[in-house]
Amino acid sequence: MEEKNSFVREVAEKKYEYGFTTDVQTEIIEKGLSEDVVRLISQKKGEPDWLLEFRLKAFHYWESQEQPEWGHLQMPDIDYQAISYYADPTKKAADDGKSKEIDPELMKTFDKLGIPLEERLALSGTAVDAVMDSVSVKTTFREKLKEKGIIFCSISEAVKEHPELVRQYLGSVVPYRDNYFAALNSAVFSDGSFVYIPKGVRCPMELSTYFRINARGTGQFERTLIVCDDDAYVSYLEGCTAPMRDENQLHAAIVEIVVMENAEVKYSTVQNWYPGDKDGKGGVLNLVTKRGHLRGANSRLSWTQVETGSAITWKYPSCILSGDGSQAEFYSVAVTNNYQQADTGTKMIHIGKNTKSTIISKGISAGKSQNSYRGLVKVSAKADGARNYSSCDSLLLGSECGAHTFPYMDVHNDTAVVEHEATTSKISEEQLMYCNQRGIPTEEAVSLIVNGYAKEVINKLPMEFAVEAQKLLGVSLEGTVG
Amino acid sequence: MLEIKNLHASINGKEILKGINLVINDGEVHAVMGTNGAGKSTLSNVIVGNPAYEVTEGEIIFNGKNLLEMKPEERAQEGIFLSFQQPVEIPGVSMTNFMRAALNAKRKHQGLEPLPAGDFLKLMREKRKIVELDSKLANRSVNEGFSGGEKKRNEIFQMAMLEPTFSILDETDSGLDVDALRIVAEGFNKLRTPQTSAMVITHYQRLLDYLKPDIVHVLIDGRIIKTGGPELAMEIEEKGFEQFIVTR
């Protein structure tokens, strides 16, 4: 028994590989949030007046609102005045007059995370925008993409270089009034990625953003905007990690996607924010609004997410299917262990005719965690021939965790077909014994079974990501059975 | 060589095995026959280390090693294989991934590198033929949607892949039609070598006609009450188990 405990402890201690901090001189503004802070952020980024206006409107709206409490979550009190809203780890190099050069410490950090920022070392066929704290450190392969007319840069640069595009689309899918955290993000958003794929262009490489929280006592408020014009295609990947800290860190992001006629966007996330320790101390509060607008006829959007991190996950990547014949998909694996809590799912809003959506959600709960699926399928009166298929499965490991499903349906058209299926299962002793008898140790058996259970979603991820996600599922659940 | 000495075991506090003594030498096939509830399946579960069963007394020595001190997966890696009476379904896990994990766990135990993917798939194709398992089954999830006969063939296929030195066939004949029984039994016979041994648990002579055991044991109420040659199985087929129960 003792031996087993020490093994479990060892696993618990080593399992979050990304918990290190980078010792880099970071410019952090004073803690607290006020109109002055919003102005200061805008000023630091050298923004035009219209963007400052946008931020201030969002800030005042946020001030007038209360934090929502409808999630199946026990949210710790967030002291919004105890957080710094801007941390810039690239500042020192800039002050030394070496603005073109990136601090080697930052390069090393991303190397260590498996995200080399030198193009010659990059994963084949992937361009990366690397964001640490509030600032984009580097975006690779920009020149190569530019040849095709593709814009891939940080949103701060996009504001300067392509203001007309940013102004047209920013807040067009997720208005600042959308929800409390969207308002907060709109007021203080720092960096994130901007992608524009011009008409008829198929993006030749995977685009990806890697988000890293490093500085203590800060929040990360990134903002990503993807516009995929008529007949264009892009596959976009998002990854995230953070150091192990005793306090909670706030991450409130917005992702907006616009998909025009016949265009297709695939958005994949492997979220591995620090989940807190085995007693539920620390961890990232991941409060995110992600939404895509399928504006054009026959446009397509798929969200694929593998969520293993964060103390609390509150996110519902959604699709507004306006274009006739548009198709949306949501594939999700959410893993919770120890004291993690997840309230995640999607919204599919059918507006156009003959629109089709698919929801495949796989929840895996272990330890003392709580894992909820929350999804809305809405069919408006005009959406003739709309179809939705939803399948929500829960897998329980152990008897102290919880799995919950909250499906909402709101159908206003008689021709719509909406289907919902849900299952709950456990890994049985018989299954584990069967694996053991074939020589497969229990930890590996759990990983094998969980990966089998999640396969339908993992198969939707691009290759390298799928391999990462598989490993992550195994690691996240080590020590949970037996 | 497997040696069982004075083995007592219970489940949920109820004693099922009440002092089993058994020696199975390399190259031998032993049949264990007995009534329902006599403890046949308990015996096989205890040998493979199913944690639901508690060993209260006795020992099991396998090739000089104390089996009872090993975890179930270590016993398997040491060369013990159980063809389950009711193979469990594992949805989503393909037979290919499952077998690769199993084979590589054994190779790791032996200090060998994982088998390269190409060699592994070739091995799968070769071994599949032994029990006439088609390629589609090998690509499906472990036992999911397999018929009763397919499940049993799949067990022997796994045995062929893992090349155990001691195998237990736990009522492998139950639920099999004549053709499937022949395929399973012939598959098993192809895997026999002078270095391997087996214990075959069954109610019926039918399977033993194919497998031709060297020694037959009668297990009643947790004890082996009679041991003999193949003729003992014929006698049971003719007269049933009642004669043994009466003599006690």
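Two residues count as in contact here if their C-beta atoms, placed from the backbone, lie within 7 Å. By that rule, 16 residues of chain A are in contact with 22 residues of chain B. This is a predicted model, in which local features need pLDDT of at least 70 and side-chain atom pairs count only at pLDDT 80 or more, while totals for chains, interfaces and linings use all residues. Residues are numbered from 1 along each chain as its sequence is written, and chains are lettered from A and ligands numbered from 1 in the order in which they are written.

**Where chain A meets chain B**
- Helices α10 (429-437) and α11 (442-458) of chain A each supply at least two residues of the side that touches chain B; helices (H or I, at least four residues) and strands (E, at least two) are DSSP runs, numbered from the N terminus.
- That side of chain A has 7 nonpolar, 5 polar and 4 charged residues, with Ala, Val, Leu, Ile, Met, Phe, Trp, Tyr, Cys and Pro taken as nonpolar, Asp, Glu, Lys and Arg as charged, and the others, Gly among them, as polar.

**The sheet of chain B**
- Follow the order β6-β9-β10-β3-β11-β12 and you have an open sheet of 6 strands with mixed pairing (two strands pair if DSSP finds at least two bridges between them).
- β6 (80-83) and β12 (223-228) of chain B each have a single partner strand, so one side of each is left without a neighbour in the sheet.
- Strands β3 (residues 29-34) and β11 (residues 215-220) of chain B pair in the parallel sense over 5 bridges, with B:His30 opposite B:Ile215.

**Helices on the sheet**
- Helix α9 (residues 230-239) of chain B touches β3, β11 and β12 of chain B, and its direction makes about 45° with that of β11(B) (axes are lines fitted to C-alpha atoms, for helices over the stretch in contact, and angles run from 0 to 180 degrees between N-to-C directions).
- Helix α6 (residues 148-162) of chain B lies across β6 and β9 (166-170) of chain B, at about 165° to β6(B).
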